[in-house]
Amino acid sequence: MAASAADVRSILSIPEPSATPGPSQPKRQIQPPTRKPEGISRELYALIGPSVPSLVVVKPRLKQKPNLGGGNKVKWESRPFKNSARQDSLELRHWVKASTAEDAEYPFAKYNVPTNVFTYSQDEYTRFLEDKDWSKDETDYLFSVAREYDVRWFVVYDRYDFPGGVTRTVDDLKDRYYSVCRKLVRNRPWAGDEQSKTAMISSYNFDKERELTRKKYILSLESRTPEQIAEEEALFIEVKRLEQNERKFKKDRDELLRTLAGIDSGLPDIVEDEGLSNLTIETKKKKRGSALEPDTPTTPVPATPVVKRPPTARNAAFDAANCIIRTDPPTTVPVTKAAHQPANLRSYKLPTPKSAVAPKITAALAELGINHNRLVMPTRDNIMQLESLLDATAALIETKRLVDKVEYDIRLLKGRLGMRESQGAESQPTGDHMDVDEPNDGEVIGEDGRAQSVVSTRSRKQARRSMSISSVDTSGTTTTRAGIKRQKRS
């Protein structure tokens with residue numbers, strides 16, 4: 001049998017340990033249990049103990065349900081109430097909160113907005129409101145029914161039953177009621193301004209004919225067959241397509257007019273040509289890879305449009321008073337340029353010579369002390385004189401160029417002629433007579449008895465061809481040729 005700890009203490013005479021510590025044993029401080037902080041799991045807190053990290057990991061929570069009750073119970077009571085909008089003092093009951101005051105007004109009474117129905121006197125009816133189709137009694141009955149049912153026209157029409165009267169439609173009731181209201185507002189004294197009076201009159205406008213047309217149209221729409229509906233949808237799609245093409249053609253036409261005629265300049269005297277007004281422009285090419293629509297019409301574009309400017313006396317007087325001079329656009333303008341010439345200052349449109357002859361013209365005018373790049377007074381006459389001066393200078397320079405060319409050609413031809421004369425003098429013999437060979441097989445005897453002699457200039461260089469000098473008269477050339485043919489035949 002094993003000995004326990006108590007047996008060992010009794011054998012060794014060791015006293016039992018007391019429950020209360022002695023003076024030499026320090027007291028143990030019992031720490032209160034710490035609560036696990038939020039956002040940390042229980043296992044993690046058991047591992048780290050009270051040493052909570054500075055950064056607390058907050059665990060996301062699900063969306064909590066709203067507390068609609070607020071935690072407080074509301075007591076409801078059934079109380080009697082009277083609607084102030086009613087005139088019969090009818091008392092009803094409804095449930096309200098117990099905290100609501102006893103004498104509180106019915107909250108829905110504010111939505112009862114009564115309609116202002118006019119009243120008139122006998123004198124006003126006699127002067128302004130008489131109508132051959134409506135009697136005064138029937139008009140009074142109409143206004144009383146409208147007042148009773150707050151001008152709710154379908155209810156008024158359902159309750160309208162004037163004894164001894166003709167059958168009225170809802171449009172007849174509206175037309176009579178609103179016509180009376182307009183006349184009363186127009187003829188009674190008005191306390192406000194004229195604008196508010198006009199607005200009041202316009203609020204009572206009613207067009208009976210238009211309303212009847214609208215109802216007939218709605219009735220025709222409701223009575224359509226499925227075939228008519230399908231046809232109408234097809235027509236609607238076609239109209240939309242035509243409108244889209246028309247907008248596209250108009251855009252292209254406007255661009256063409258701005259390019260050719262300057263219509264976008266805003267001048268009042270620019271009038272479109274009849275050909276341009278009826279012109280259909282070829283549709284622009286789309287981006288590469290896309291095709292044109294198959295139903296797009298294309299027609300050729302005229303090369304040179306004509307812009308008409310009607311000469312009126314008013315324009316002439318206006319131009320003369322404001323010193324405006326209008327010039328017609330040139331007829332030989334390329335298609336890519338605008339034919340319209342905008343308004344400008346003469347000092348910015350001085351005539352300039354052609355670039356090919358501009359340096360020569362500038363040099364020629366500089367010799368005379370004239371500067372063509374600037375005018376002190378650029379009036380119309382001065383600009384015309386400058387333009388004529390530039391034209392004359394250009395003509396003078398061109399004439400001088402032609403004269404220089406002719407003189408150079410003359411000098412060249414004279415030099416060639418002198419060279420030929422010197423060469424001919426060198427080729428003549430030094431003796432007194434010329435050696436002429438006797439006629440042989442190579443000579444030809446003409447019919448006129450003259451012989452054709454050939455002088456060979458063998459004294460010249462061998463590299464050059466020999467020169468033959470004919471002493472035969474030109475009139476015998478044909479005869480000589482004929483003699484040659486006869487000799488060959490013989």
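How many of the 18 residues of α6 are buried?

The model is predicted: local features need pLDDT of at least 70, side-chain atom pairs count only at pLDDT 80 or more, and totals for chains, interfaces and linings use all residues. Residues are numbered from 1 along each chain as its sequence is written, and side-chain values use heavy atoms, with hydrogens and water left out.

Select residues 170–187, which form helix α6. Helices are DSSP runs of H or I with at least four residues, numbered from the N terminus. From first C-alpha to last, α6 reaches 26 Å, close to the 26 Å expected at 1.5 Å a residue, where the expected span is 1.5 Å times one less than the number of residues. Of its 18 residues, 14 are buried (under 20% relative accessible area; exposed is over 50%, partly exposed in between; 1.4 Å probe, protein chains only).

Next, select F118, L142, F143, W153, L173 and Y177, the residues with the most contacts inside the largest nonpolar core, which has 26 residues. Such a core is a set of buried Ala, Val, Leu, Ile, Met, Phe, Trp, Tyr and Cys residues joined through side-chain atoms within 4.5 Å. Helices α3 (122–129), α4 (136–148), α5 (153–159) and α6 each supply at least two residues of this core; α6 gives the most, with eight.

Centre on L173: beyond four places in sequence, L173 touches W134, L142, W153, V156, Y157, Y160 and R168 (contact: heavy atoms within 4.5 Å).

Finally, select E16, in the loop between α1 (5–11) and α2 (42–48). E16 counts as exposed because its relative accessibility is 53%. A6 is 10 residues from E16 in sequence and 8.3 Å away in space, C-alpha to C-alpha.
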